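Trainee: I'm new to this one. Can you walk me through it?

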Amino acid sequence: MKHLLDTPLEADLRAGVRAMLADRCPPQRVLARVESDEAYDRALWHTLAVEMGLAGLLIPERHGGAGAGLREAAVVCEELGRAVAPVPYLGSAVVATAVLVAVHDEAALDAEDAALLRDLAAGTRVAALAVPYSTPPFAASMPVVASVTDGSVTGTVRGVADALGADVLLVPAADGLYAVDADAPGVERVAVASLDLTRPLCDLVLRGAPGRLVAHGPAAAAAVTAGLTAGAALLAAEQVGLAQWCLDSTVEYVRGRYQFGRPVGSFQALKHRLADVWVGLTQARAVAGYAAACLADNDPDTPVAVALAQAHCAGVAVTAAEECVQMHGGIGFTWEHPAHLYLKRAKADAIGFGTADRHRAGLAELVDLPGAGR
Amino acid sequence: MSRDGDVSRDGQQYDAAGLRARVAEFLASHDHTTMDRVEFLRARFDAGLAWIHFPVGLGGLGAPRALQPVVDEAFAAAGAPDNEPRRIGIGLGMAAPTILRHGTDEQRRRFLRPLWTGEEVWCQLFSEPNAGSDLAALATRAVRDGDDWVINGQKVWTSQAHLARWAILLARTDPDVPKHRGLTYFICDMTAPGVQVRPLRQITGDAEFNEVFLTDVRLPDSLRLGAVGDGWRVAQTTLMNERVAIGGAALPREGGMIGILARTWRERPDLRTPGLHDELLRLWVAAEAVRLTGERLRQQLAAGQPGPEGSAVKLSFATLNQRLSALEVELLGVEGLRHDDWTMRRSSTVDFLERTPVYRYLRAKGNSIEGGTSEILRNIIAERVLGLPREPRSDVDVAWRDLPK
């Protein structure tokens with residue numbers, strides 16, 4: 001059985017990231033910047049990626065990374081979720097990085113890819129996989145979003161996460177995976193007024209943008225699947241962090257809010273619902289931990305573990321955020337209280353990498369529980 | 001906690017390989033194929049290979065609890081007889097940890113060995129007709145008379161009472177103080193004059209439980225566990241362990257009721273509908289979530305003590321079992337309505353996997369009542385884990401005698 005508790009090293013990492021975020025990313029500061037034009041909090045990213053060196057956890061040491069692993073990255077994602085931190089960690093340090101690392105598990109590294117991995121590890125460049133945020137990891141074939149003629153990439157992708165501030169876009173095309181510089185001619189990014197204010201989406205339009213082939217054929221498809229699988233698994237960790245903040249802040253609020261001469265948190269109508277949130281969260285922590293542990297060990301149970309995590313954790317995070325808004329009463333419905341940031345992230349995350357229902361359908365195939373008429 | 005082994009309190013290193021070697025050494029000098037079963041189990045206890053996390057001299061080695069499965073599997077692999085843990089679950093899961101923690105040395109030496117070997121079966125005399133969720137309101141009286149206590153009252157929902165040699169008993173020794181403070185914990189001799197056991201028939205038609213009537217039962221003071229008036233605190237050890245025991249068994253994937261349902265689904269394409277498929281997949285996910293949560297809890301327990309997290313596992317287990325058994329009846333349609341028979345059976349264990357869907361559906365209804373109702377468990381989680389305030393109470397500062405009944 002997998003070890004489902006933090007190792008001492010993971011506990012230290014968690015404490016370090018949490019302390020930094022408490023100082024640099026309190027909810028009121030996240031709230032204050034959501035309507036700015038900046039795609040993400042660049043100062044926070046600099047601290048997390050460059051100073052703390054956490055963007056390269058998945059990158060082998062020979063390419064300038066920390067050579068740590070998925071379990072450690074899951075710890076970071078959980079803490080970032082807890083702070084609803086507006087940084088492209090999941091899109092760049094997890095998904096795009098996992099794609100490139102998978103490519104180079106199979107093939108030799110050319111100079112440009114080596115430089116890109118080194119920069120991703122150092123946190124000086126940010127990359128994004130150019131697929132809709134809702135793309136699940138178990139599609140039968142690679143999600144092709146562009147066509148390529150003589151190295152010129154053309155196509156439109158709607159609803160891409162963590163791409164607005166990216167330097168490099170990884171674009172799946174029919175014959176392979178291409179890297180496109182985001183500021184190259186022919187690249188247009190249109191910001192979407194997104195439900196999730198802290199992970200805004202964009203529509204990507206490529207009109208003959210210059211692309212560089214990173215991988216082709218089955219290797220490209222395998223790399224994209226690896227990236228989406230890592231994304232789905234670590235999104236579950238993020239959902240655990242989101243749910244934990246929602247529960248903690250709600251408990252604190254109902255203990256201090258007096259109506260009818262006593263704390264509203266003493267009413268069983270609220271206590272029992274909060275107990276249910278805690279039970280769901282306790283389960284989500286075990287399930288998300290199992291997914292990260294399977295992925296870290298390259299365990300054959302990984303597809304089941306990841307589908308399970310996404311089938312379970314999305315609902316837990318959404319329920320925790322919805323109860324947070326409801327139990328805060330009027331203040332929870334205001335713009336000035338950060339609860340809505342968590343509700344918006346939780347609901348968007350429920351769509352990210354495929355809905356719970358899609359993952360249940362995936363499980364039906366994986367564990368041989370076919371539907372009616374099959 | 002390290003991942004490979006662990007260090008006991010006496011500083012001795014225990015790991016899986018070392019324990020397997022100990023079992024092999026024991027088996028080499030104790031041939032279970034020729035030895036009397038009970039003698040074999042007594043020898044296993046005396047070798048410290050019974051419950052390895054118990055102290056040396058009391059059936060254990062002071063070793064990490066997490067390594068117990070290594071020992072059990074080594075004995076099972078050799079084909080050695082076990083102590084039939086399902087038959088003596090109350091003794092193992094509830095009485096033993098309480099005696100270990102609160103008993104005198106003499107009580108530990110007297111009771112733990114025959115408890116573990118199964119020579120003496122235990123039951124639990126806690127609940128009463130008017131004290132269920134509000135256990136501390138119980139009315140069974142214990143009155144001091146010389147060196148004895150005289151017990152009078154009625155207990156209910158007592159499994160194994162008709163088989164038990166001993167019981168753990170909670171009784172009121174002082175009705176003039178608030179209810180939690182007037183209780184004392186005893187070990188009750190089930191063969192004593194005045195103990196009467198009657199079967200209690202339940203909605204499955206079986207009589208798994210009993211009512212126990214205690215009329216002028218005399219217990220020597222040496223059977224008191226813990227101080228006079230300290231019964232509520234002692235009972236907490238029992239109750240925490242009960243929840244772990246109910247929700248805490250390690251299972252492989254599809255090892256529980258979900259496995260029965262999944263097998264039926266795979267074998268019977270004719271029964272499948274889209275709505276049932278959706279519910280089946282939701283329950284498969286829920287079953288895995290509960291299973292992995294139990295695994296994570298066991299990893300926590302291996303590093304420390306049972307805590308209120310056990311309440312969450314028990315709560316989830318009850319909900320899951322009820323949804324699974326309800327879906328099974330619905331999936332099977334008219335075939336799901338057939339029971340084996342309604343004859344009152346004196347069953348002493350719950351076997352969810354062997355009997356009919358009707359039995360499973362009905363028996364699962366008890367899961368959210370026994371061992372703490374789901375409502376009480378939510379209160380425990382809200383108050384002890386989340387730190388939410390209690391409901392205002394009118395029974396805390398009033399003598400038990402003066403409470404409305």
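Mentor: Domain bounds come from an automatic or database domain assignment. This is a predicted model, in which local features need pLDDT of at least 70 and side-chain atom pairs count only at pLDDT 80 or more, while totals for chains, interfaces and linings use all residues. Residues are numbered from 1 along each chain as its sequence is written, with chains lettered from A and ligands numbered from 1 in the order in which they are written.

Trainee: Into which domains is chain A divided?

Mentor: Domain 1 (8–126), domain 2 (128–216) and domain 3 (222–366).

Trainee: How many residues of domain 1 of chain A are in contact with domain 2 of chain A?

Mentor: There are 20, and they are in contact with 16 residues of domain 2 of chain A. Contact is defined by C-beta atoms, placed from the backbone, within 7 Å.

Trainee: And what gives the most to that side of domain 1?

Mentor: H5(A), with seven residues. Helices here are DSSP runs (H or I, at least four residues), numbered from the N terminus.

Trainee: Switching to chain B: where is B:Leu377 found?

Mentor: In helix H11 (residues 374–385) of chain B.

Trainee: Why does B:Leu377 count as buried?

Mentor: Because B:Leu377 has 25 C-beta neighbours inside 10 Å; buried means 20 or more other C-beta atoms within 10 Å of a residue's own, with C-beta atoms placed from the backbone.

Trainee: What is B:Leu377 in contact with, leaving aside neighbours within four places in sequence?

Mentor: B:Ser311, B:Lys314, B:Leu315 and B:Gly372. B:Gly310 is 67 residues from B:Leu377 in sequence and 9.6 Å from it in space, C-alpha to C-alpha.

Conventions:
Helices (H or I, at least four residues) and strands (E, at least two) are DSSP runs, numbered from the N terminus. A residue is buried if 20 or more other C-beta atoms lie within 10 Å of its own, exposed if 12 or fewer, and partly exposed in between; C-beta atoms are placed from the backbone. Two residues are in contact if their C-beta atoms, placed from the backbone, lie within 7 Å.
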